[in-house]
Amino acid sequence: MPLGLHKHGDDHRRMSLGRKSADEGSADVAAGDDETVVEPDQGNVLSHIISQLRPGADLNKVTLPTFILEPKSMLERITNFMAHPETLLPMPEIEDPTQRFLSVVKFYLSGWHIKPPYVGFGGGVKKPLNPILGETFTCYWDYPDHTRGYYISEQTSHHPPKSSYFFMAPEHNIRIDGALKPRSKFLGNSAASMMEGVGVLRFMNRGKTRGGER
């Protein structure tokens, strides 16, 4: 697979995509017959999508036209949370436990402000592509101090969708293990997105156990 270079400010991220992301009109349809395919050429697209929905409907089972989706996989979207090394890397050296805790909160919140500058239908934040079962995504960050952070993720369940991921910056004694189970529902006149899951941040140079401080 091709290797590309992406920049987030001073952050350089190299990435590769294992297997092919499911485009919302092909692989997902083959995965089951309980999904609705929305064709973009059937009059007003937005009205047609709404006509397929009922309050409480699971939006993961509605196949949307690709041009209104974010052009990246959910496996890559998770990397937004690792895009601010200026908040992440100093944490293991903070002696005060309260300040360490506050730094973790600051790091977590920093990943939520990212709003891709996409133009066209809707603009702003969009639903990423659904990864296919077994799809993997890997990348690494080159940090200003000439160290690297490594990331790997895999789609470990398709129905319901579940993305498992692992991140490590070995020279900084930082490790993150997690799993994300995104859910979305149509509420009648709006949509709700719920990011369920767990993420465990470890400082490998701290704590009394081999796994480090969690």
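What is the relative accessible area of Val 105, and does that make the residue buried, partly exposed or exposed?

Analyst: Val 105 has a relative accessible area of 33% and is therefore partly exposed; buried means under 20%, exposed over 50%, and partly exposed in between, with a 1.4 Å probe and protein chains only. This is a predicted model, in which local features need pLDDT of at least 70 and side-chain atom pairs count only at pLDDT 80 or more, while totals for chains, interfaces and linings use all residues. Residues are numbered from 1 along each chain as its sequence is written, and side-chain values use heavy atoms, with hydrogens and water left out.

Val 105 is placed in helix H5, where helices (H or I, at least four residues) and strands (E, at least two) are DSSP runs numbered from the N terminus. Together with Phe 101, Leu 102, Tyr 108, Leu 109, Trp 112 and Met 195, Val 105 forms a nonpolar surface patch of about 710 Å² of accessible area. Accessible areas come from the Shrake-Rupley method with a 1.4 Å probe, and for residues only the protein chains shown count as cover. A patch gathers residues with over 30% relative accessible area and no salt bridge, joining like charges within 9 Å and nonpolar side chains (Val, Leu, Ile, Met, Phe, Trp, Tyr) within 5 Å. Helix H5, residues 97-110, gives the most to the patch, with five residues.

As to the setting, the chain contains five helices and 11 strands, and buried residues make up 41% of its 214 residues. The accessible surface of the chain comes to about 12,000 Å², with 57% belonging to carbon and sulfur atoms.

Glu 95 pairs with Arg 206, their closest N and O atoms being 3.2 Å apart. Glu 95 counts as exposed at 58% relative accessibility, whereas Arg 206 counts as buried at 14%.

A further salt bridge joins Arg 148 to Asp 142, with closest N and O atoms 2.7 Å apart. Arg 148 is also the bridge partner of Asp 142 in E8. Arg 148 is partly exposed at 32%, and Asp 142 is partly exposed at 25%. Strand E7 (residues 136-142) runs antiparallel to E8, with seven bridges joining them; two strands pair if DSSP finds at least two bridges between them. The hairpin of E7 and E8 has five residues between the strands, and His 146 takes a positive phi near 70 degrees there.

E8 is likewise joined to E9 by seven bridges, again antiparallel, and the two form a hairpin with four residues between them. His 159 is found in the loop between E8 (148-157) and E9 (162-169) and is partly exposed at 40%.

Finally, Asp 177 forms a salt bridge with Arg 175, the closest N and O atoms being 2.8 Å apart. Salt bridges with shared partners join Arg 175, Asp 177 and Arg 202 into one network.

Definitions and conventions: Salt bridge = Lys/Arg side-chain N within 4 Å of Asp/Glu carboxyl O.
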